[in-house]
Amino acid sequence: MSVSWEAQDLFVSSTGSTGSVNDIVQQGCFVRIARIPAANGIRELLIRKGEGGRVGLTVRRTEEGNILICSVARRSPAYLAGLRYGDEVLYVEDTNVQGEQLWRVRELVQQNLRNSLKLRTQDKPRERYVTISRDVEKGFGFRFVDGEITFVRPNTSAEQRGLERRLQIIEVNEEVVVGMKDKDIEAVICANGDTVTLCVVPVKVYQKMFSRLSSTMNESSTLVEM
């Protein structure tokens, strides 16, 4: 019997502590969006499976042989354990999957009959989480084109929080917006009231890493669900 993602325990060893989703997801309780930093960006995780015997993430293999996370279900065990879009999976169970073919990753996942999945991952480089409040007169105080921050208004929450030009928006309040049109990103931002949390990375990092994901993330033959 699978356990609902909002009513199960997680085993997360990267911070040396364990926690229950019930401690996080309660009536009116806000789920933490900005994840807890990991030493050198490496996370050692043992995550209990949820609905359908999965932890809620999807990976694909790049041409260079990296196994990258291209989707993390909102509030899933994987998300609450700290995994995000663009992270790299280094080990599945105790097997190094760097350079492995996707069929081998799929095989390792299928062979795991336990109620938990052991992963070692590397955070995407140079990510930042910026929480911005809307000003009555100045709005959120920034503009973007193709998801890239092109202008930050002085003396606004955006400037005070360190938002700057040449940053690419990856997530808006838990939702991955890579590949979305600007009008759709704006709709997600405006739908979240007077406060918004952005996950951003330098444009150069985005161009090097994430564009490889967005181009083929909908091709099912190149994906493995976990």
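The paragraphs below go through the nonpolar cores, the ring contacts and the salt bridges of this predicted model.

In soluble globular proteins, nonpolar side chains tend to be buried together. Here the largest nonpolar core has 23 residues, and the members that touch the most others are Leu-57, Val-59, Val-92, Leu-119 and Met-226. Several elements build this core: β3, β4 (57-61), β5 (67-72), α2 (77-80), β6, α3 and β8 each give at least two residues. The largest share comes from α3, with four residues.

Met-226 shows how these parts come together. With its neighbours within four places in sequence left aside, Met-226 is in contact with Arg-54, Val-55, Gly-56, Leu-57, Val-59, Val-92, Val-105, Val-109, Leu-117 and Leu-119. Another core lies apart from the largest one; it has 19 residues, including Phe-144, Leu-163, Ile-169 and Val-196.

The structure has one aromatic pair. Its members are Phe-142 and Phe-144, whose ring centres are 6.2 Å apart; their planes meet at 35°, so the pair counts as tilted. Both Phe-142 and Phe-144 are buried. Two arginines sit over aromatic rings elsewhere in the list of contacts. Arg-143 lies over the face of Phe-151, 4.6 Å from the ring centre. Arg-84 lies over the face of Tyr-79, at 3.6 Å from the ring centre.

Next come the charged pairs. Over the whole structure there are eleven salt bridges. One of them joins the side chains of Asp-123 and Arg-43, with an N to O distance of 2.7 Å. This bridge connects distant parts of the chain, 80 residues apart: Asp-123 is in the loop between β8 (116-122) and β9 (128-133), while Arg-43 is in strand β3 (residues 42-48). Are the two partners buried or exposed? Asp-123 has 12% relative accessibility and therefore counts as buried. Arg-43 is buried as well, because its relative accessibility is 2%.

A salt bridge also forms between the side chains of Glu-93 and Arg-114, at 3.0 Å from N to O. These residues are 21 apart in the chain, with Glu-93 in the loop between β6 (88-92) and β7 (95-96) and Arg-114 in the loop between α3 (102-111) and β8. Glu-93 has a relative accessible area of 18%, so this residue is buried. Arg-114, by contrast, is partly exposed at 40% relative accessibility.

In a further bridge, the side chains of Asp-194 and Arg-134 meet at 3.2 Å, N to O. Two loops are linked here, across 60 residues: Asp-194 is in the one between α5 (182-190) and β14 (195-202), and Arg-134 is in the one between β9 and β10 (142-145). Asp-194 is exposed, because its relative accessible area is 51% and the class begins over 50%. Arg-134 is partly exposed, with 32% relative accessibility.

Glu-100 is in the loop between β7 and α3. With a relative accessible area of 28%, Glu-100 is partly exposed. Which residues does Glu-100 contact, leaving aside its neighbours within four places in sequence? They are Arg-61, Gly-65 and Ile-67. Glu-100 and Gly-65 are 35 residues apart in sequence, and their C-alpha atoms are 6.5 Å apart in space.

Definitions and conventions
Residues numbered from 1 in each chain as written. Predicted model: local features only at pLDDT ≥ 70, side-chain atom pairs only at ≥ 80, totals over all residues. Heavy atoms only, no water. Salt bridge = Lys/Arg side-chain N within 4 Å of Asp/Glu carboxyl O. Buried < 20%, exposed > 50% of the residue type's maximum accessible area, 1.4 Å probe, protein only. Contact = heavy atoms within 4.5 Å. Phe/Tyr/Trp six-rings, centres within 6.5 Å; stacked < 30°, edge-to-face > 60°. Lys NZ or Arg CZ within 6 Å of the ring centre and 35° of its normal. Core = buried A, V, L, I, M, F, W, Y, C linked by side-chain atoms within 4.5 Å.
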